[in-house]
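Below are some numbered notes to read alongside the coordinates.

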Amino acid sequence: MPRLKFQTLTEQMFYILLCLKEECCGIDIMDKVSAMTDDRVKVGSGTLYNLLEQFLSAGMIKETKAEGRRRSYVLTEKGREVLVAEYQRLCTQAEDYRKLFAGEERVCEENACEEASPALGTLCPAL
Amino acid sequence: MKESMYYETFTEAFAYYDRTAMKEYFEQKALEGWQLCRKEMFSKWVFKRIEPKKLHYAITYLPQFSNEDSFLLSENKKEYLEFCAEQGWQFACVYKNMVVFYNEEENPVPFETDPEVELAAIHKSMMKHSLIKLTLVFAGLAGLIFYFFLKFNDDPIKFFFSISGKVNTVILFIMIFVCFNLSEFISYCRWRKKAVAAASLGDFTKTEFSDKLFTAFLVIMTVLYVAVIFITTILSGNLAGLWLLGFGAIYVFLSAIVDNEKEKSQGKKRKALSILSFVMLFVLVVAGDIVKTHYENSDSSYTETYISDDGYEQYVYKDDIPLKIEALGLAVDSKQYSYELTNRKSAIVVITEASQTLRTDVENYYDLPHLNYTVYEIKWQFLLERSLADILNDNGLYGTYEQTDETVWKAEKAYKRIEFGIDKYNYLLCYDGKLVEFVSSWEITPEQAAVVAETLG
């Protein structure tokens with residue numbers, strides 16, 4: 001089922017919005033996201049530019065200042081709501097995971113995964 | 001190799017959305033020592049000479065811009081390019097709303113990192129690009145169909161004689177334009193379906209263009225073209241269509257040779273086929289008109305000429321017309337007359353036009369009789385009734401046709417023309433499968449009408 005625009009966020013969307021919790025220049029977002037995620041998530045120039053334009057059109061961010069050709073942005077109230085909604089969705093997912101695997105996780109911790117439940121399989125890497 | 005700033009143009013045709021093929025082509029060119037500078041019309045790419053090296057290329061789509069100028073003149077262009085330069089992506093060129101970047105770093109951060117965002121941009125750009133072209137095709141087609149309808153409505157008989165040339169041009173236009181653009185659009189739709197599914201899982205998909213689809217369209221269009229030529233030739237009786245069929249066969253033969261060139265890239269082949277198609281279209285339209293004119297020329301030829309009182313050259317014909325004034329019982333000197341006959345034939349209509357007119361240098365010109373007539377043999381009853389209705393309704397400002405005694409003319413129906421209250425000795429006669437327009441310079445007697453009916457009816 002296709003995702004409604006911004007109903008759920010991709011990782012890149014999520015981290016861009018996260019960076020704009022405080023005012024930030026568009027160009028610096030790429031480095032910030034990389035640093036925040038330890039290089040796990042990288043945002044390409046084309047993707048970042050497109051997403052900033054889309055967030056602006058959707059009213060999720062606003063332009064705060066322009067120094068020469070460098071524009072800065074910050075989250076709007078709507079952007080915060082979207083970010084919070086996404087955070088809650090991720091927490092709900094994590095919680096659902098914990099409910100299902102909580103018992104097996106404790107066993108795994110106690111037995112250092114050597115006697116881990118076969119059901120866990122590769123879901124429970126050696127700790 | 002010493003770097004020198006000189007340029008070279010290479011021709012390579014790509015589907016508008018085919019970023020994978022473009023990227024691979026530009027990167028290969030960089031390894032050969034060419035760096036992309038700009039795009040020109042008709043699939044031409046201009047490169048400048050560099051040291052051969054590995055460059056990464058990225059093609060991105062900015063649907064918010066409608067053409068190169070709107071991008072190059074936009075206020076945000078410089079900011080955008082600086083943005084991209086932060087990760088080493090340098091601007092190469094722009095074409096419509098497609099922008100090409102290159103990067104000299106060994107492992108640059110990819111230009112696009114979110115497949116869904118990229119797909120949305122490609123889709124918007126492609127819709128603009130394709131819809132404009134396809135709208136032009138179908139608008140043109142609708143316009144031509146409406147034109148044909150108007151022409152048929154205006155004069156159905158004349159329409160059938162001129163159908164061949166018009167339809168040939170239309171079919172060729174469709175053949176060339178639709179083949180290229182429709183196959184691009186359909187290939188895009190197929191690729192997009194796969195790409196959307198992959199993007200939802202966070203994966204990019206290489207673009208694909210189906211050359212087989214293009215070839216399939218070409219074959220279908222060619223078969224249609226040959227069929228239409230046969231049909232219009234039979235309908236119009238105009239053998240020009242068969243000559244054009246010969247040109248079509250040459251086109252198909254040459255297309256097959258180009259397509260089978262194993263060493264040439266698909267882009268070069270498409271380019272060659274485009275050029276071949278336009279050349280053949282030009283040849284067919286020009287040659288078609290020449291041949292068509294030849295076949296539509298009058299069967300008659302003049303036997304002598306003279307100069308009239310007003311200084312113009314006049315022609316005298318001595319064709320064997322079906323009905324002469326002499327046959328109607330009037331004594332005339334045939335040397336004073338020009339007898340002209342024209343025949344046009346098709347599967348539906350045969351038109352015979354004949355006239356016996358006086359030379360303008362004859363004494364008592366206004367006292368001597370003359371006549372002319374046109375016989376329409378129409379095989380389709382509805383067309384005959386339609387033609388009759390058109391003639392009766394025509395020229396309402398100058399006169400009208402009034403029904404007259406058909407028994408005199410031994411006809412099913414008979415009408416005479418009255419202009420400004422004056423009997424013009426102009427008759428419209430309906431016989432079985434025939435319409436006859438008969439014009440004389442004197443009032444026809446019943447006996448003469450019977451001769452007309454026997455000869456022309």
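Predicted model: local features only at pLDDT ≥ 70, side-chain atom pairs only at ≥ 80, totals over all residues.

1. **Chain B.** This chain has 457 residues, and 47% of them count as buried. Its secondary structure consists of 10 helices and 15 strands.

2. **Chain A.** Here there are 127 residues, of which 41% are buried. The chain has four helices and three strands, arranged from the N terminus as α-β-α-α-β-β-α. Among its contacts between residues at least 6 apart in sequence, 47% join residues at least 24 apart.

3. **The interface in outline.** Chain B brings 20 residues to the contact and chain A brings 23 residues. Together they bury about 2,000 Å², with carbon and sulfur atoms giving 52% of that area. On the chain B side, Glu79(B), Phe83(B) and Val117(B) are worth a look: they supply 31% of the area that chain B buries against chain A, more than any other three residues.

4. **Polar features across the interface.** You will find 11 residue pairs in polar contact between the two chains, counting pairs with both residues at pLDDT 80 or more. On chain B, the elements that give two or more residues to the side touching chain A are helix H3 (77–85) and helix H4 (115–154). H3(B) gives the most, with six residues. By type, the chain B side divides into nine nonpolar, four polar and seven charged residues.

5. **The salt bridge between the chains.** The count between chain B and chain A is one salt bridge. Arg71(A) and Glu79(B) form it, their closest N and O atoms being 2.8 Å apart. Within chain A, Arg71(A) also forms a salt bridge with Glu53(A), at 3.3 Å between the closest N and O atoms. That pair links distant parts of the chain, with Glu53(A) in helix H3 (residues 45–58) and Arg71(A) in strand E3 (residues 70–75), 18 residues apart. Arg71(A) is buried because its relative accessible area is 11%, under the 20% limit, whereas Glu53(A) is partly exposed at 24%. Glu63(A) joins Glu53(A), Arg71(A) and Glu79(B) in a network of salt bridges.

6. **Other salt bridges.** Over all chains the count comes to 16 salt bridges. One of them pairs Arg89(A) with Glu86(A) at 2.7 Å, N to O. These two residues are separated by about one helical turn because they lie three residues apart in helix H4 (residues 77–110) of chain A. Glu86(A) is buried at 3% relative accessible area, while Arg89(A) is partly exposed at 31%. In chain B, the side chains of Glu32(B) and Lys29(B) meet in a salt bridge at 3.3 Å, N to O. Lys29(B) is buried at 10%, and Glu32(B) is partly exposed at 38%.

7. **Nonpolar cores.** The largest nonpolar core has 42 residues, and those with the most contacts inside it are Ile16(A), Leu17(A), Leu20(A), Ile29(A), Leu52(A) and Tyr80(B). Leaving out residues up to four places away in sequence, Leu20(A) touches Ile29(A), Leu52(A), Ile61(A), Tyr73(A), Val74(A) and Leu75(A). Another core, of 32 residues, lies apart from that one, and its members include Phe47(B), Leu55(B), Tyr61(B) and Tyr102(B).

Technical notes
Residues numbered from 1 in each chain as written. Chains lettered and ligands numbered in written order. Heavy atoms only, no water. Contact = heavy atoms within 4.5 Å. Buried area = accessible area lost by both parts, 1.4 Å probe. Salt bridge = Lys/Arg side-chain N within 4 Å of Asp/Glu carboxyl O. Polar contact = N/O pair within 3.5 Å; in protein donor to acceptor, adjacent residues only side chain to side chain. Nonpolar A, V, L, I, M, F, W, Y, C, P; charged D, E, K, R; others polar. Core = buried A, V, L, I, M, F, W, Y, C linked by side-chain atoms within 4.5 Å. Buried < 20%, exposed > 50% of the residue type's maximum accessible area, 1.4 Å probe, protein only.
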